[in-house]
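Open the structure in a viewer and keep a selection tool at hand. The stops below say what to pick and what is there.

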Amino acid sequence: MNAVWPLSRSPVGTRRAWRKREELQRWLNGKQGPEWWEIAPAFAAVLTLIGLPLVGLGWLWSRVGWWAALLAGVALAYVVRAAVHQRRAVLARRRRRARCYALPEIDASDDRRFRAIVGRLLLRDGWTQVRGVRISRDVVHLVGNGPDGRQLGVAFERGIDHAGTGGGRAALRSVGGAPQLPTATAPGDRPLFLVVSSGTFTRERVVWAVRHKVRLVDRTLLQRWAAGEDLAVLLDLDQDHAHRDAS
């Protein structure tokens, strides 16, 4: 029986040889994790960030008193909390900028791309379960739920007067009625109906929207919305919700 010495080569079939083959395969596939010297600087930085405040608090406790260490701990917690909030705000602004669109891109999109852009803008603003619902053969609406639980129905129109250019490349069929929701709305929760257009609305269309309690998003509002502004701010949705609660 051959003994396997620690400094000798591992014979084929042993666990050590199998582990080496697995490590080599991970290296070849690019799945090998970082080495210790690659993570050592980050590990040292984390230890420094955690250790220095603790050492400082201990020094205050022993040299000044427990009250000084307590005040310093509260101040340190406030600074950390402010830094975390600022970091989250920066990341949120970056995510919003990553989901911004320009009017030429919207004008050049077809009907499916136009709906996809509006859907991404809704998701960016906190709407959930945004999905398409086919109303007829050529008409598709978007539906979803708002952050406050309100249901949403979105219909689309493409204007024939895109800033005097004579129209975009794509044209969705006009919506004859208010956008429809796939399910019934709970009593007391009035759904939000939108018609989003890359052009302008006629006076008759505005009167129709007021009569059917439909909010219109024309080219000007769409440009601001696509550039990063929140839909709730553009349409004063929070103010409308407050008026409903007061009534």
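Select tryptophan 67, which lies in helix H3. Helices (H or I, at least four residues) and strands (E, at least two) are DSSP runs, numbered from the N terminus. Tryptophan 67 is partly exposed, with a relative accessible area of 47%; buried means under 20% relative accessible area, exposed over 50%, and partly exposed in between, with a 1.4 Å probe and protein chains only.

A word on the model: it is predicted, local features need pLDDT of at least 70, side-chain atom pairs count only at pLDDT 80 or more, and totals for chains, interfaces and linings use all residues. Residues are numbered from 1 along each chain as its sequence is written, and side-chain values use heavy atoms, leaving out hydrogens and water.

Helix H2 (36-63) and helix H3 (66-98) are the elements that give two or more residues to the patch. The most comes from H3, with five residues.

Next, select helix H7, residues 219-226, where Arg219, Leu221, Leu222, Trp225 and Ala226 are buried. They lie on the same side of H7, because they cover an arc of only 160° around the axis, the arc being that of the directions from the helix axis to the C-beta atoms. What do the buried residues of H7 pack against? Show helix H4 (103-107), helix H5 (111-124), strand E4 (192-197), strand E5 (215-217) and helix H8 (231-234) to see these partners. Contact means heavy atoms within 4.5 Å. After H7 comes glycine 228, whose phi is positive, near 135°.

Of its 26 residues, Val118, Leu122, Val154, Leu194, Val196 and Trp225 touch the most other members. H4, H5, strand E3 (151-157), E4, H7 and H8 each give two or more residues to this core, and H5 supplies the largest share, five residues. Apart from it lies another core, of eight residues, including Phe193, Val195, Ala209 and Val214. A nonpolar core is a set of buried Ala, Val, Leu, Ile, Met, Phe, Trp, Tyr and Cys residues joined through side-chain atoms within 4.5 Å.

Glutamine 129 is in strand E1 (residues 128-134); its phi is positive, about 50°, although it is not a glycine. Glutamine 129 is exposed, with a relative accessible area of 54%. Then pick lysine 213, in the loop between helix H6 (203-212) and E5. Lysine 213 has a positive phi of about 55° although it is not a glycine, and it is exposed, with a relative accessible area of 59%.

Finally, zoom out to the whole chain, which has nine helices and five strands. Buried residues make up 28% of its 247 residues.
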